[in-house]
Amino acid sequence: MPLFNETPDVLQGIIFEVMLETREVVLNMLTKDFNGACQPMSLDPPLGKTGLKPKRMLYVDRVAELHAKDRIPEVSKKFSVNENRITLHGEETLWHEEDLDLSGIDSPVAIVDMIDGSDLVERKLWNWCSAAIVFVPTREILFSVVQDSHHNLYVANKDGAWFVPVSPERDPRDQTKYVLVPHNEQARKLAGAQHVDQNAAAVCFYGQNCEHFTTIPGALIDWMRKENFAGRVYNLAGNPMMCKMADGEPIHVVFEHHVGQYPHDLVPGAYIAAIAGASMVLQQDETSWEALS
């Protein structure tokens, strides 16, 4: 019987346990040798999509990915699930598996990024997270999880979206504190995106380097001038901001434009936001910025 027909708690338990354990490994590495962990490295030319690609904290990223892959079969046994029924790919793997084709797979696949925002971690800024999307490529998204920099979990599946507080001092033997979503007293349903006057809105986009920052479309700037937009614009976006939007925090628009992030960078938070009730708009042309109003 395929794993996705079993109780969702089983699969969630596997991913949550692996993510929480791997997060602890990452934090231990950063605590013991922060400067060493944050040294920029480069992907080998054959592995980079456009040749040599400098990447901060690549060593920690790779350690985290390998640890998660090793733990999947071990944790699966604890949950009485066949170890071959779930496949895990990390973001670093996606760089050098350009021919990877998941489209015909009829069993669960997890794509995990344990350090989403490594440049922020390097600078000791808060807006980083760990993220995973679990799906059956031939059928459906099973669930999405984002763990923020304070260890808390945002989780969504077809039945809803929840916030689950996780204590750093958690007892690994007590699975119910974070696994059985939403069947535990600590989980609460996300409030959903809040509607406000446009001049009180917070608009976020991914603009953390020159290439992305300079792609802000002229149509958006023209619209803001025409409407005398008095809201706030932030160049932090991605999974953390979409989760804050989903939980009713004063984050109202998160957008990507042209050379933004890859789909695997966006889907975990976007799915959580969508399940919580946020609207998603595909920018098909410059006039679509009128949707902000």
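Visitor: What stands opposite V203?
Guide: V203 stands opposite V233 in β11. Strand β10 (residues 202-205) and β11 run parallel and are joined by three bridges. Two strands count as paired if DSSP finds at least two bridges between them.

Visitor: What kind of model is this, and how is it numbered?
Guide: It is a predicted model, in which local features need pLDDT of at least 70, side-chain atom pairs count only at pLDDT 80 or more, and totals for chains, interfaces and linings use all residues. Residues are numbered from 1 along each chain as its sequence is written, and side-chain values use heavy atoms, with hydrogens and water left out.

Visitor: In what order do the strands of the sheet with β10 come?
Guide: The order is β11-β10-β12, an open sheet of three strands with parallel pairing. β11 (232-234) and β12 (253-255) are the edges; each has a single partner strand, so one side of each has no neighbour in the sheet. From one strand to the next the twist averages 20 degrees.

Visitor: Which helix packs on that sheet?
Guide: α8 does, touching β10 and β12, and its direction makes about 155 degrees with that of β12. Touching, or contact, means heavy atoms within 4.5 Å. Angles run from 0 to 180 degrees between N-to-C directions, with axes fitted as lines to C-alpha atoms, for helices over the stretch in contact.

Visitor: How many helices and strands are there in the chain?
Guide: The chain has nine helices and twelve strands. They are DSSP runs numbered from the N terminus: helices are H or I with at least four residues, strands are E with at least two.

Visitor: Back to α8. How do its axis and that of α9 cross?
Guide: The axes of α8 (residues 238-246) and α9 (residues 263-275) come within 8 Å and cross at roughly 0 degrees. That makes the two helices roughly parallel. The classes are roughly parallel under 35 degrees, roughly antiparallel over 145, roughly perpendicular from 65 to 115, and oblique for the rest.

Visitor: Which residues meet there?
Guide: From α8, N239, M242, C243 and A246; from α9, D265, L266, P268, G269, A270, I272 and A273. By type, the contact divides into eight nonpolar, two polar and one charged. Here Ala, Val, Leu, Ile, Met, Phe, Trp, Tyr, Cys and Pro count as nonpolar, Asp, Glu, Lys and Arg as charged, and the others, Gly among them, as polar.

Visitor: Is C243 buried or exposed?
Guide: Buried, with a relative accessible area of 0%; C129 is also at 0% and buried. Buried means under 20% relative accessible area, exposed over 50%, and partly exposed in between (1.4 Å probe, protein chains only). Of the 293 residues in the chain, buried residues make up 49%.

Visitor: Which other sheet is there, and what is its strand order?
Guide: An open sheet of seven strands runs β3-β4-β5-β6-β7-β8-β9, with mixed pairing. Its edges are β3 (87-90) and β9 (188-189). Within it, β7 (residues 153-157) and β8 (residues 160-164) pair in the antiparallel sense over five bridges, and N157 stands opposite G160 in β8.

Visitor: Where do α8 and α9 lie on it?
Guide: α8 lies across β4 (109-116), β5, β6 and β7, at about 80 degrees to β5. α9 touches β4, β5, β6, β7 and β8, and its direction makes about 100 degrees with that of β6.

Visitor: What does F143 touch?
Guide: F143 lies in β6 (residues 140-148). Leaving out residues up to four places away in sequence, F143 touches L11, Q12, I15, F16, I133, V134, A156, N157 and Y271. Q12 is 131 residues from F143 in sequence, yet their C-alpha atoms are 7.9 Å apart. F143 counts as buried at 2% relative accessibility.

Visitor: Which residues other than glycine have a positive phi?
Guide: K124, with phi near 60 degrees, and N228, at about 50 degrees, are among them. K124 is in the loop between α5 (118-122) and β5 (129-136), and N228 is in the loop between α7 (218-226) and β11. K124 is exposed at 65%, and N228 is exposed at 61%.
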